[in-house]
Amino acid sequence: MNLQCRPDLASGYKAGSQIARVVSEEWCARELYCAACHSKRLSQSRANTPAVDFICPECEQSFQLKSLKTWSPRKIPDAAYDAMVRSIRADKTPNLLVLQYSAEWLVRNLLLIPRAFLSESVLEKRAPLSSHARRAGWVGCNILLGRIPEDGKITMVSNGSQVAVEQVRLEFSRVRRLTEVPPAMRGWTVDVLNVVRMMRKSRFSLRELYESESELRALHPANQNVRPKIRQQLQVLRDLGIIGFTSPGNYAVVSQMPGNTRWQSADLPRE
Ligand SMILES: [Zn+2]
């Protein structure tokens with residue numbers, strides 16, 4: 001993988017965002033492979049598929065590209081809030097590629113967020129643009145990275161080094177079955193998985209999980225029955241092969257992250 005982008009291709013553009021778009025799309029079309037199958041390339045999607053920038057010609061997984069010069073380890077600015085919510089509810093959200101490039105136009109970091117992790121819980125509604133803005137009243141959203149468990153933050157390029165293709169594909173395949181969970185429930189599954197991962201324990205009890213009850217209630221204010229929901233999601237995570245039941249009220253993490261501590265906030269470039 002050649003990490004050098006070609007800014008000369010954007011010589012006809014003036015706006016920074018357009019230049020970034022043209023240059024990073026060309027890089028992806030030239031260098032990027034599919035994380036979901038053995039395809040060595042992705043195809044640029046047609047202009048009439050909003051929010052989808054690339055499609056795998058072999059397995060038809062769709063990808064949206066977000067390219068940035070700097071980003072925060074906490075959040076990534078994304079598109080319109082309402083459109084994103086609609087796409088999540090319709091289970092049409094593409095996988096998200098977040099590409100950070102350097103001042104020299106080298107790909108510095110590339111993060112893949114599998115689409116199953118993009119739930120309403122990870123969206124933060126931004127304030128509407130002011131009446132002076134060109135798009136006054138427009139409401140965007142941020143994707144809150146801290147609410148996505150490490151399983152859902154797959155590093156493809158880290159600090160200017162490419163991660164092995166097999167490793168990326170292994171990590172993607174491990175979480176792929178999450179898309180089998182119906183979209184209305186998947187947000188809960190990912191939130192409970194995040195709580196489990198945040199504990200950083202190989203064994204845990206239901207009582208320990210209940211300590212995050214208020215946090216989960218804040219993410220799902222319409223749901224009054226948080227504890228039954230937690231227990232239900234533990235069964236879902238067991239069926240997905242991520243945790244196991246050891247004795248009543250006690251659990252073991254079966255599927256540890258494969259050494260994936262790369263994507264910790266300390267490693268990330270600061271804004
Ligand atoms: Zn594919």
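## Basis of the model

The structure is a predicted model, in which local features need pLDDT of at least 70 and side-chain atom pairs count only at pLDDT 80 or more, while totals for chains, interfaces and linings use all residues. Residues are numbered from 1 along each chain as its sequence is written, and side-chain values use heavy atoms, with hydrogens and water left out.

## The chain as a whole

The chain has 7 helices and 13 strands, where helices (H or I, at least four residues) and strands (E, at least two) are DSSP runs numbered from the N terminus. Its C-alpha trace spans about 65 × 45 × 35 Å along the principal axes. The radius of gyration, taken over C-alpha atoms, is compared with a globule rule of 2.2 Å times the number of residues to the power 0.38; for 271 residues a compact globule would come near 18 Å, and the 19 Å of the chain agrees with this.

Of the 271 residues, 49% count as buried, a term that means under 20% relative accessible area, whereas exposed means over 50% and partly exposed lies in between (1.4 Å probe, protein chains only). Among contacts (heavy atoms within 4.5 Å) with a separation of 6 or more, 63% are between residues 24 or more positions apart.

## The zinc site

The zinc ion is coordinated at 2.3 Å by the SG atoms of Cys34, Cys37, Cys56 and Cys59. Donors are N, O and S atoms within 2.8 Å of the metal (3.2 Å for Na, K and Ca), and sites may look incomplete because water is not among the atoms. In sequence, the donor residues follow the spacing C-x2-C-x18-C-x2-C, and both Cys34 and Cys37 are buried.

The 4 donor atoms subtend angles of 102 to 115 degrees around the zinc ion, and the arrangement is therefore tetrahedral; four donors count as such if all angles lie between 85 and 135 degrees.

Helix H2 covers residues 81-89, and its buried residues are Tyr81, Met84, Val85, Ser87 and Ile88. These residues cover an arc of only 165 degrees around the axis, which puts them on the same side of H2; the arc is that of the directions from the helix axis to the C-beta atoms. On the other side of H2, Arg86 and Arg89 are exposed.

The cover over the buried residues of H2 includes strand S4 (75-80), strand S7 (123-125), strand S8 (140-144) and helix H4 (183-199). Ser119, in the loop between strand S6 (107-113) and S7, counts as buried because its relative accessibility is 5%. Not counting residues up to four places away in sequence, Ser119 touches Ile88 and Gly187. Just after H2, Asp91 takes a positive phi of about 60 degrees.

## Two further residues

Glu213 lies in helix H6 (residues 213-219) and is buried, with a relative accessible area of 15%. Leaving aside neighbours within four places in sequence, Glu213 is in contact with Val226 and Arg227.

Asn250 lies in strand S13 (residues 250-253) and is partly exposed, with a relative accessible area of 29%. Apart from neighbours within four places in sequence, Asn250 is in contact with Phe204, Ser205, Gly244 and Phe245. Asn250 and Ser87 are 163 residues apart in sequence, and their C-alpha atoms are 36 Å apart in space.

Key
Four donors count as tetrahedral if all angles lie between 85 and 135 degrees; four count as square planar and six as octahedral if opposite donors are over 155 degrees apart and all others between 65 and 115; anything else is irregular.
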